[in-house]
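Here is a report on one chain. It starts with charged side chains, then moves to the sheet and to a few single residues.

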Amino acid sequence: MLYLFYGKDSFRLKKRVEEVVEGWKEKYGDDGVTYLDGKNLDIPTLRSEILSLSIFSPKRLIIINSISGNAKAKEYILDNEEIFVNSENLILFLEEDLKSGKSDSFSAFIKKRGHVESFVFLEGDDLRNWVMQEVSRYGVSIKGGGIGELEKSFKGDLFELENEIRKLANYVLAEERKEITLADIDKLIERKEDANVFAITDAIGARNRRLSFILIDSHIKGGGVILVLFATIATHIKNLMIVKESPAASPGELSMNPYVKMKCSGQAKNFTIEELKKLFNLLIDLDKKMKVGQIGQQEAIETFILAL
């Protein structure tokens, strides 16, 4: 069985893969799933994985990521079409982008002989429906105006939308309410157009303490919510850690927005992985102290900047 999932919407693609993997494990067990790096996959390994059987599972799920740039592997698959088509294993190819046209016989073969699902960026009614479904998962609702505001602010970036919806839902539930309002969104969401917040994370990524203090002071005086800023900084440090540990991985492999990956790749060079872990642990410690009143919010964020 051949499956192909492709598209630039890495958020929904990743979720769909997780669904397939979980369903497979429930049916055949944890030992029946294999992941292969298609970019560096050699023919002996590919042949061995496709033809071999697991003693623990009657069938296997073989996930091959980014094979489209591997000419030798694609040629082997095309030369042995029937082996792949008739395999009792489920072979799932993952691609961020897929060439089209007569020149790409590999894509044509998969589309003709296998099951294909595409994941393009959501927009319009599809995006609004996704927001409503995501909100409803938390047992709350959101008015049309709120959906439009989120759509305008994040322009289909589902990674950020998921985080913001979770934060909004937790906030209204903590206030014993059931509806997200425009006032909640104005107070809590981290808009992409809020250049000051991202200027702060850029200054932190550059290890520029002086500029960080200046920008944070301006942000607070402008009505910025310190707890929201604190959470944004923690997310940024976490992203730097992820990129530092896997610099060659694609945005899709890291479940990260491509723009964020690009920014973090440059900034991660300013830290060692040990320094980033130390900073992240400091953020966790400061967050705990804020929650029990051992340290004030502004003092906590200033303590972190001094540690850069």
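## Salt bridges

Glu162 and Arg166 sit four residues apart in helix H8, about one turn of the helix. The model is predicted. Their side chains form a salt bridge, with the closest N and O atoms 4.0 Å apart. Glu162 also meets Lys15 in a salt bridge, at 3.3 Å from N to O. Glu162 belongs to helix H8 and Lys15 to helix H1, so this pair ties together parts that are 147 residues apart in sequence.

Lys15 is partly exposed at 33%. Arg166 is partly exposed at 32%.

Another salt bridge joins Arg113 and Glu82, with the closest N and O atoms 3.2 Å apart. This pair links distant parts of the chain: Arg113 is in helix H5, Glu82 is in helix H4 (residues 81-85), and 31 residues separate them. Arg113 is partly exposed, with a relative accessible area of 33%. Glu82 is partly exposed too, with 42%. The whole structure holds 21 salt bridges. The table lists some of them.

| Pair | Closest N to O distance |
|---|---|
| Arg113 and Glu82 | 3.2 Å |
| Glu162 and Arg166 | 4.0 Å |

## The chain as a whole

The chain has 308 residues, and 44% of them count as buried. Its secondary structure comes to 15 helices and seven strands. The C-alpha atoms fill a box of roughly 65 × 45 × 40 Å along the principal axes. Among contacts with a separation of 6 or more, 73% are between residues 24 or more positions apart.

## The sheet

Five strands form an open sheet in the order S2-S3-S4-S1-S5, with parallel pairing. The edges are strand S2 (33-37) and strand S5 (115-118), each of which pairs on one side only. On average, neighbouring strands are turned by 15° against each other, direction ignored.

Strand S1 (residues 2-6) runs parallel to S5, and four bridges join the two. Here Leu4 stands opposite Val116 of S5. Helix H1 (residues 10-28) packs on the sheet and touches S1, S2, strand S3 (61-65), S4 and S5. The direction of H1 makes about 165° with that of S4. Helix H5 (residues 105-113) packs on the sheet as well, touching S1, S4 and S5. The direction of H5 makes about 115° with that of S1.

On the other flank, S2 and S3 pair in the parallel sense over five bridges. Asp37 has Asn65 of S3 as its bridge partner. S3 is also joined to S4 by five bridges, again parallel. Ile64 stands opposite Phe93 in S4.

How many residues of S3 are buried? Five of the five are, so S3 is largely enclosed by the rest of the structure. In a regular strand, side chains alternate between the two faces of the sheet. Both faces of S3 are covered: Leu61, Ile63 and Asn65 are buried on one side, Ile62 and Ile64 on the other.

## A buried charge

Glu95 is found in strand S4 (residues 90-95). Which side chain of opposite charge is nearest to Glu95? That is Lys74, 7.9 Å away. Glu95 is buried yet has no salt bridge; the cut-off for one is 4 Å. The Glu95 side chain does make a polar contact with the side chain of Ser68, at 2.8 Å. Beyond four places in sequence, Glu95 touches Leu4, Phe5, Tyr6, Gly7, Leu13, Ser66, Ile67 and Ser68.

Helix H7 (residues 144-154) has several buried residues, among them Ile147, Leu150 and Phe154. The buried residues of H7 pack against helix H6 (124-136), strand S6 (141-142), helix H8 (158-174) and helix H9 (182-188). After H7 comes Lys155, whose phi is positive, near 50°.

Leu215 lies in helix H11 (residues 209-221). Leu215 counts as buried because its relative accessibility is 15%. Leaving aside neighbours within four places in sequence, Leu215 is in contact with Asn196, Ala199, Ile200 and Ala203. Leu215 and Ile77 are 138 residues apart in sequence and 55 Å apart in space, C-alpha to C-alpha.

Key:
Residues numbered from 1 in each chain as written. Predicted model: local features only at pLDDT ≥ 70, side-chain atom pairs only at ≥ 80, totals over all residues. Heavy atoms only, no water. Buried < 20%, exposed > 50% of the residue type's maximum accessible area, 1.4 Å probe, protein only. Lys, Arg positive; Asp, Glu negative; His and termini not counted. Polar contact = N/O pair within 3.5 Å; in protein donor to acceptor, adjacent residues only side chain to side chain. Contact = heavy atoms within 4.5 Å. Pairing = 2+ DSSP bridges. Axes fitted to C-alpha atoms, helices over the stretch in contact; angles between N-to-C directions.
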